[in-house]
Amino acid sequence: MRTETYNSPTYWQPFTRTQNTSQWVTGLDEQFKNATHRDTLPFAFQTGSVEVCLTTNSLWLITEWGGAGKLAIRTCFDPQLIQKVEQVRATRNRVEYRVAGALGTFRIKIERPHSDQSLLHYTTSLKPAQPFTVQSFPHDLYLLDTDYNPLTTEGMVYVTQSGPTSGLAYLSVTQPSEGSVFYFQNFTALTDYCQTTQTEPSDTVTVQWPEVGFALPSSDQPLEAGKEVVLSDAFIYLSPMVPKTEFQAADQFLEALGQIYRLLPKPETAYYDWPKASERTIQALTDSPHCGRQIEKRYHVNAYVDATQKPPESMVQLAILVPLWEYQEWLGKPIGLVDQLQRNLTAYYDSKHETFMRWLPGGVFKEEERSEEQDPNKIDSWYLLHTLMNLGRLAEKGNTDAKDLLFRSIEFVIKAGHHFNYNWPVFYDIRTLEVLKAETAEGKGGELDVAGLYSHVMVQAYELTHDPRYLNEAVASAVRLCGKGFELLYQTNITIMSSLTLAKLWKITGNRLYFDLSRLGLANVLARLWIWECNFGFGQARSTFMGVAPLKDAPYLAAYEEAEIFATMLNYLKEVGTDVPETVRLMFSEYFKYLLHRGRFYFPSELPVEMLCQQPREGRLIRELPIPLEDISTGWKQAGEVGQEVYGGALPYILTTYAYKQFDKIPVIIFSDYPIYHAEYEFTGRNEGYVVVRLAGTSDFQCQVRLIAKSRTLPTVQLFDEDAPGSPALQPVEKEERYYEYRVKGNQRLRMEWGPNKKA
């Protein structure tokens, strides 16, 4: 497949036509023309009726495409011969087929989940007649013209699966018909296949025009005879609309993703005591010699446990310090580590270059072979801006030293921004601004989302000073995010912080462009979610559902980046309020819930020993040390291959600060695994009062709420639906001496009352 620029103002990104095809495309049109067992399903797509037909090796669904084309869906494949097709049941919205082939017996369930006709769902399972290994299976979608010819079709591909992300592909067809396709493969359903064949579904959903969708991963381990296994569980969303802009594409993507997410099976969640985990981790960060070191009477935390071959890093200090400052405010009492880390900040400022540095000036690299970033004169574009962003967060809290360091460094970064015209490379020289590494990969550009992080820092500077110069810088940089489509994301936490900043720019300037760019950034992040549960291999003892990798192509989830994303999501909901698109509100809330559930698996003590890498790239692993691992991969890889991430120690206290709502003199803490983005309270007596909280999410999903005693026993409490005046108190699903637990709907207000006259 080769992409060419489409010279029409109607379309906004590279235009794709058939150039090179696989063996599965050749002769496909003749196969369809000679197909048998033709029948029409009792339900239709938005684009037209759905026909069932049989070729020599596949059972197909074919739907019309805008009157000028067709979409062919391969529901099963037998490379030798299909012998018999039988419809075993049919209703108005569901049909089931039994297909006998040389490989065994296929069972195919086809349904239309929604009455709006935009979605189709089909599941294919196979009971093998004899053991066999899977080798080179085809994709399941083909784009055709009205004569069944796939070679005449043209269109645009927006985003596909990257590594172990969700099994999705999103594209539009422009010739010979017009419309858009969102394909989603539910990898959770393939657990038995992956376990038996010792495979995983990374990079299995692709587009090689005109082929789209999922291809079974090949394996040398055979499927078992007589044991039924799911081979595919796919959803297809069709729309007759081709996006005219990248913003329309983002909105269409969000609409399709939201519809499909509602239909997916989801793992159960369990409560984890994050405040207790925070206490343990902060103690380790403060006292453990594995977590930090004294240099010139100042305490610096290491990046990884026992990783002392490199100088300390500024980003690491601030990644621990800033959320710890927030946690200290939440806790209501000082934490000694906050003062220790504050005192070392000035050590990272270099007066010669007039900027904050990555590595502690004067530090020594002890390794014989250095990685590409281990050079005190080399700056990673995102890195410097991330540290300035955190200095800005401290400045917003009244830290004058941080404010001074921010503004002493900001002229350097403005000079660099102008030099690069806000198009940031990967690495540049701090002395000359010479580009040392321009692109992440050939033809992919530099760190594209860093323009948004630059805007973030400039908005902070503007809010601290009200100097319009900084606002003008933020606007000039934000415009550089235009035209990136679903390639915008370089680093996930940076992209979502950029989206937050763009929403603020929209509020400040009134320019709708920035809100459009904000939604585009969010679509980029949601496209990289792992919306599947890895229940095979090592994954049977941990969870990855709704995780998000730190980088576009990273094959693992990472503790610190996930924590920062978690906090930014709540801040985005607060900033944008009712203008947050429904899918974003739902997906953010579900991400919130599942990280609170699965975040425990970053702690090595929560995993079996055999799951842990014994020789990480950085430092070493100490299983009993309550410091998170940086990385959790898919089921066939051990956790902690990168290392035990000291700055990931921010995870538990970020989750505590943002998921547990407490107020001075109120004896109850309110925990919710959906974001609480508004809260107010009032005392109605000496020992009684109420708290009203507003939950994010949507009303068709539920979340967990706990009322937790600050002391050993819970006072008399009741929980009400504030939007249903006069309704009885909600009943807890679990009652213990120290807490009550409830299941409630998202997007509602809850009223917690406490006092001696309340009924338990």
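In this predicted model, 5 cavities of 30 Å³ or more were counted. A cavity is a set of points, on a 1 Å grid over the protein atoms alone, where a 1.4 Å probe fits but cannot get out, and lining residues have an atom within 4 Å of a point. Volume is the space filled by probe spheres set on the points, which are joined across faces, edges and corners.

The largest cavity holds about 170 Å³ of space. Its lining consists of 15 residues, with Thr75, Cys76, Phe77, Phe137 and Ser232 nearest the centre. Two or more of the lining residues come from each of β6 (69–77) and β17 (229–239), strands being DSSP runs (E) of at least two residues and helices (H or I) of at least four, numbered from the N terminus. The largest share, 4 residues, belongs to β6.

For the second largest cavity the space is about 110 Å³. Of its 13 lining residues, Phe356, Met357, Arg358, Trp359 and Ile379 are closest to the centre. At least two lining residues each are supplied by β22 (378–380) and α7 (381–396).

Ser543 is situated in the loop between β25 (529–530) and β26 (547–548). Ser543 counts as buried because its relative accessibility is 4%, the limit being under 20% relative accessible area (1.4 Å probe, protein chains only).

Residues are numbered from 1 along each chain as its sequence is written.

Methods. This is a predicted model: local features need pLDDT of at least 70, side-chain atom pairs count only at pLDDT 80 or more; totals for chains, interfaces and linings use all residues. Side-chain values use heavy atoms; hydrogens and water are left out. Buried means under 20% relative accessible area, exposed over 50%, partly exposed in between (1.4 Å probe, protein chains only). On a 1 Å grid over the protein atoms alone, a cavity is a set of points where a 1.4 Å probe fits but cannot get out, and a pocket is an open set with protein on both sides within 12 Å along at least five of seven lines; lining residues have an atom within 4 Å of a point.
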